[in-house]
Protein chains: 2
Amino acid sequence: MSITLLEGFHVASTFEKWALIAIVVVALLGLLYAWFLTRQTLNEPEGNEKMRKIANAIRTGGNAYLKTQFRTIALLVVILAIFVFLTGWFAGGTSVYNNPPWLIGLARMGGFLMGALFSGLVGYIGMNMAMRANARVAEASRTSFIKALKIGYRAGTITGMLTDGLGLLGGTIIFILFFEDAPLVLLGFGFGGTLLALFMRVGGGIYTKAADVGADLVGKVEKGIPEDDPRNAAVIADQVGDNVGDCAGMAADIFESYEVTIVSAMILGLILTITTGQLYWIIFPLLVRAAGVFSSIISTYSVKSTGEGENAMNAIHRGYILAACISIVSFFLFAQFYCHDLRFFWATSIGIALAVVIQFLTDYYTSTEHKPVKEIAKSSKTGAATLLLSGIGYGYESTVMSVIVIALSIVGSAIVWGATDNVLYIFYGIALCGIGQLTLTGNNIAMDSFGPIADNANGIAEMTGMEPKARKILADLDAVGNTTKAVTKGIAIASAVLAAVALFAAFYEDYDLKTINLIQWKVFVAFLIGGGIPFLFSSLAIRAVGRAAFFIVNEVRWQFANIKGLWEGTAEPDYSKVVSICTAAAQKELLTPALLAIVSPIVIGFLFGLEALAGFLAAVILVGQLLAVFMSNTGGAYDNAKKTIEDGLYGGKGSDSHKAAVVGDTVGDPLKDTAGPALNPLIKVINLVSVIAASLMVVPIAGGGFREVGLTPVTITVIVVGLLIIVGAFWYSKKQESFAKEDDK
Amino acid sequence: MSITLLEGFHVASTFEKWALIAIVVVALLGLLYAWFLTRQTLNEPEGNEKMRKIANAIRTGGNAYLKTQFRTIALLVVILAIFVFLTGWFAGGTSVYNNPPWLIGLARMGGFLMGALFSGLVGYIGMNMAMRANARVAEASRTSFIKALKIGYRAGTITGMLTDGLGLLGGTIIFILFFEDAPLVLLGFGFGGTLLALFMRVGGGIYTKAADVGADLVGKVEKGIPEDDPRNAAVIADQVGDNVGDCAGMAADIFESYEVTIVSAMILGLILTITTGQLYWIIFPLLVRAAGVFSSIISTYSVKSTGEGENAMNAIHRGYILAACISIVSFFLFAQFYCHDLRFFWATSIGIALAVVIQFLTDYYTSTEHKPVKEIAKSSKTGAATLLLSGIGYGYESTVMSVIVIALSIVGSAIVWGATDNVLYIFYGIALCGIGQLTLTGNNIAMDSFGPIADNANGIAEMTGMEPKARKILADLDAVGNTTKAVTKGIAIASAVLAAVALFAAFYEDYDLKTINLIQWKVFVAFLIGGGIPFLFSSLAIRAVGRAAFFIVNEVRWQFANIKGLWEGTAEPDYSKVVSICTAAAQKELLTPALLAIVSPIVIGFLFGLEALAGFLAAVILVGQLLAVFMSNTGGAYDNAKKTIEDGLYGGKGSDSHKAAVVGDTVGDPLKDTAGPALNPLIKVINLVSVIAASLMVVPIAGGGFREVGLTPVTITVIVVGLLIIVGAFWYSKKQESFAKEDDK
């Protein structure tokens, strides 16, 4: 067996070779642009000493959290790297170029580590940029709205460009190196990215909401002091939480969505490449994404140069439309002149259409201008209970609409590909739909980043007692960010479903399943259990927030009762204590839900076989999507219902309606910021683990196809080792917890 | 073609002939016993004039509601009867005895009407018995606990015996008449029963919770007056609601569960009978059920004669255990000496085990003695929001446990039937599991009925100012009823899943599907949409309650503001006005969710074909089960968390904790009493409509098998007619609404 790298590359036409090189160059350009923007952002003034001090405290808290988190994950990543290596080794027999299995194992493991590294990096840098931008935005708000907006937008663009650049670079380099063996490696890359994203989402989500709920319950509800009042000991933890949840968690999550849509499209594309002998099935998605990066650079740069005064938002929207136009034109050009097949154009365009419709739906169910939020706010007149029920009613409805839209986009893809019964084409079309949908990720993240940054800037302004004019500007920025944040979340979840469906199809193809027959009892049993997973995961996440918030409430109450002069404002609370509690709690609560995602498909696969595992996956996708959208939209609607009341409706702040709305908002918070968005990486982790681990569950048989291993001594050993991993990780997490407690002293 | 009735009967062995006759006799005995108990109950004294007056007002309200409801349903039942006739006609070609298609059509239509009649009758009589027992229980509580308990138990036993008797009678008679053609007719019988149950559950659920929420919001929350205070104008409507929701709705629903488990077991059993030439596949489930009726008669009668003082509850439990023992022994005897196959015994015993485990789970998640409710109550210390979140967390968890238990019972069934891949045996085993699980329906309903009856008696006691000693007895009775009520609900939902799974298998067999392949895009699309249906249905139900409660709140407020002397207690409120509002609102809100259930499978089937329809059904079963248990248990846990606080925990009544718990209870009410339990008939209506309507979607081809019709002018016409039914029913419901308004003047 010889080692064969770059073998396939020689097969490509001259155009394709240059195209691949161009894609790498564009990806690098995106990263260069991010670096360039970073320099610019850091050159902005950071305000007076007081502001810098608070910003520093936030930064210290945020980085301490990520450090602890990465330390917690480290061992698990090492163990899983070995697992990934083994799966690659087992799958190595299917190498097209007869590469030795150990090479495939190593490559898949390398891909896994790269994916994890990239995902962690995007989260880390994204969060740090936000934490450097916050004081700068606050300072700029003293001058003008446009200046503050620019800094926030720019900081967001940095994260956007990192996401685009690293996602595209990783996928393309793996493809160039391994060509037809690339799927084997790409799975590792995808898994690494989603795994980190899952950790960052869950950990960040628990942190941010525990701090938020804890701060609000004592501050706003019990003591009646405003949000971000410096006497509240949880106020810095709350600010840190915005960063670790809405920045680090969100950035890693979107990176992962971006990456997995590429991975799934490439895997299905490569099967079609082998079938048809045409390389464009795999190069087209990369080209489209490169065009997306390119258009993001142009459009975000153009925003920087135009717009004065309050018209800046229009400039940003113009930039978005410009990017969309460039992208659609590029879809057409590549489809027509490279693939000579307009179906590629239609499939990716459906993705853009899906993004637009999801945006509209999210906006309808969560923004203050439409019926649902208005009705929810109105029902506050009869108290918290009716408000909550109204929100649940609309939330249920919204998730149905969303699932119908996704179903329609699958129908659209089927129509484009000739409504044939050939599974592969249709699911490749669905993958392209996901590619199209996330083309403008750079712009989306740039717009999305206002939320947490403005929130932080607002907090700094409150704590340093900044002038009302600047506060007004920051509040406006925050409102802009809230809308874009909800939209990004909606798009991310829809893309999760498309990517997961494509992976589901890849699973079916890779392991040569003849059917996924729901009437087989094993399939049906696995299907029932699969439906339970998203509920169990959400239950763990929500209760984790509750438990952590309980500790914080007690700590803040204790400080109010025991620190002399705190209430009068002559003494300072011990902010770092609350930060430590949040960090420790998030670590402690993180592992159970994450391990559920990793272990459940492995156990199901070994117990009931591959076909049942596929049934399990389908149920996870369905129920995960339904729950995720329900929780995100319901939470968003409660948030905005509260906002409309705070703007003066039904008695405004302090009224009974407002109190009812605050209850709604507090219930909605962990739904929309912890459990809901974390289902997005969950769905994909479970799908990827299944595709990866399945190679351990089958033996290739001569003449093609597979035989399932079933429950043999070897597989039982694998299950036992899996369980040992859980126990080990639990033990490790407990140890981390005691570390965190020591740090705290 | 000759008309062939009773043809098959001659095939049966002498033992089987006598067995069938014995089953009919036992069913009739059950009905006779019900009539006997009715006479006894009506002989009890109904208390003084004031009590009789209130009881009369409740009775008038309840019957006016049912009258309006039956009028609303009437047209729809007529239209659907025609539809059922047509489907029978189309399916008639598969008659084993070459009966003419019109006969099959007529018979199926007759079955449909009989099912609807029986279901309506059980609901009507069950409710009326409760409404006659309420004042009698209140009066008896002046004497002793045991006497009050006896009357309640006896009234419940009447409903239980009706359920058993009519369910068994209908199924057996259809079988005797049509033998191997019986499945064609049984489908109609099942559909009629579930359809009425769906209407009664949804309508009753909306009524009861709108009245309850409305009464509480103004009474308890705004005015701070106790529950059932006679100055509250919604107080009679609230009492009526307990009857139409918890009695009529519940009785019709349990009847339907009982009936559909028989129907699905018989349908699968008949296929096996044809395959194996053995009649016991079909006679065994009937025998088991007859034994259940017999043991219910003996055990409930034994309760009547034993027990003195407060030991009465033990007597009831002893009765239950007695019934369980008789049943299990009968399972064994029939399996061993009639079928000569102990697998029958094991399969039905798994059903009993399932009932026990579900009972344990429901108890764990909703009763005051275990961790979940304790934790939920504890989190009230930090306000309503944390209480609600804690409840959602545990509710999510509970539904996962429940789905896992159901999955395990399927695994158990598979193991019993040799873990073969023969779908039919395993799913027949699942159907037997459902048979076993509901064997003790008579006893369950007898125990379940305390809740609403005691609630009503309590209300009458409050309004007539009865002495504290009697009140205490009624409160204790109510507490007993709350536990049994939650358990019955849990068992009903689990049985719904088993019955639906069996119907799902029947669908697969009847239409000769080769596979239900999830990877087919049509199947996957239908599957996604199917998952949305329970959410949409629940959304409609919850929002309906919110809307209706809003009107009631306004009316009660208006009466307080405008009726002179009402607050001082010198004037009476206009109770009947609120009763009319509830009746009209429930009618108005009833049809959309019910039509969703009927129309969605027809549209999916015609658009995407039978295989896709099966995918749709699987998703409805899965998501329906998950949502139903989540909502029922969460609501139950909130209710009991409130109770523990009212019993003195965390400050007791009037404390902030209590206020938080009241919010939780109010949110939980429509979840546990409207949306959650209504998903039970919903799942089965959708499954039955699919099996029935599928005969319109296929054409039998010579030599066996079917060809799907697809979208032809005929099928498009069918869809259009379906849509017209919706519009027509809407129009009719609007008209009913105006009737109700006129009634109101």
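A residue is buried if 20 or more other C-beta atoms lie within 10 Å of its own, exposed if 12 or fewer, and partly exposed in between, with C-beta atoms placed from the backbone. By that count B:Phe179 is buried, because 23 other C-beta atoms lie within 10 Å. This is a predicted model, in which local features need pLDDT of at least 70, side-chain atom pairs count only at pLDDT 80 or more, and totals for chains, interfaces and linings use all residues. Residues are numbered from 1 along each chain as its sequence is written, while chains are lettered from A and ligands numbered from 1 in the order in which they are written.

**Chain A overall**

- Chain A holds 20 helices and two strands. Helices (H or I, at least four residues) and strands (E, at least two) are DSSP runs, numbered from the N terminus.
- The radius of gyration of chain A is 25 Å, close to the 27 Å that the globule rule gives for 745 residues, so chain A is as compact as a globular protein of that length. The radius is taken over C-alpha atoms, and the globule rule is 2.2 Å times the number of residues to the power 0.38.
- Along the principal axes, the C-alpha atoms of chain A fill a box of roughly 80 × 55 × 45 Å.
- Of the 745 residues of chain A, 66% count as buried.
- Among contacts in chain A with a separation of 6 or more, 84% join residues 24 or more positions apart. Two residues are in contact if their C-beta atoms, placed from the backbone, lie within 7 Å.

**How the two chains meet**

- The contact takes 64 residues from chain A and 64 residues from chain B.
- On the chain A side, helices that each supply at least two residues include H5 (182-223), H12 (423-437) and H19 (656-697). The largest share, 19 residues, comes from H11(A).
- The chain A side divides into 44 nonpolar, 17 polar and three charged residues. Ala, Val, Leu, Ile, Met, Phe, Trp, Tyr, Cys and Pro count as nonpolar, Asp, Glu, Lys and Arg as charged, and the others, Gly among them, as polar.
- The copies meet through the same surface, because 100% of the interface residues of chain A are also interface residues in chain B.
- A rotation of 180 degrees with 0.0 Å of shift along its axis superposes chain A on chain B, with an RMSD of 0.0 Å. The two copies are thus related as by a two-fold rotation axis. In chain A, the C-alpha nearest the axis belongs to A:Asn517, 2.4 Å from it.
- Copies are superposed by least squares on the C-alpha atoms of residues with pLDDT of at least 70 in both.

**Helices H9 and H11 of chain A**

- Helix H9 (residues 343-366) and H11(A) pack at an angle of about 170 degrees, with their axes 10 Å apart. Axes are lines fitted to C-alpha atoms, for helices over the stretch in contact, and angles run from 0 to 180 degrees between N-to-C directions.
- H9(A) and H11(A) are therefore roughly antiparallel to each other. Angles under 35 degrees count as roughly parallel, over 145 as roughly antiparallel, 65 to 115 as roughly perpendicular and the rest as oblique.
- Residues of H9(A) in this contact include A:Trp346, A:Ile350 and A:Leu354. Those of H11(A) include A:Met401, A:Val405 and A:Gly412.
- The residues of this contact divide into 12 nonpolar, five polar and one charged.

**Positive phi**

- Most residues other than glycine have a negative phi.
- A:His340 has a positive phi of about 50 degrees although it is not a glycine. A:His340 sits in the loop between H8 and H9 of chain A and is exposed, with 10 other C-beta atoms within 10 Å.
- Phi of B:Phe179 is also positive, near 45 degrees. B:Phe179 lies in the loop between helix H4 (145-178) and helix H5 (182-223) of chain B.

**Single residues**

- A:Ile328 is in helix H8 (residues 312-339) of chain A. With 18 C-beta neighbours inside 10 Å, A:Ile328 counts as partly exposed. Beyond four places in sequence, A:Ile328 is in contact with A:Ser349 and A:Ile352.
- A:Val620, in helix H18 of chain A, is buried, with 31 other C-beta atoms within 10 Å. Leaving aside neighbours within four places in sequence, its contacts include A:Gly530 and A:Ile683.
- B:Asp181 is in the loop between H4 and H5 of chain B and counts as buried, with 27 C-beta neighbours inside 10 Å.
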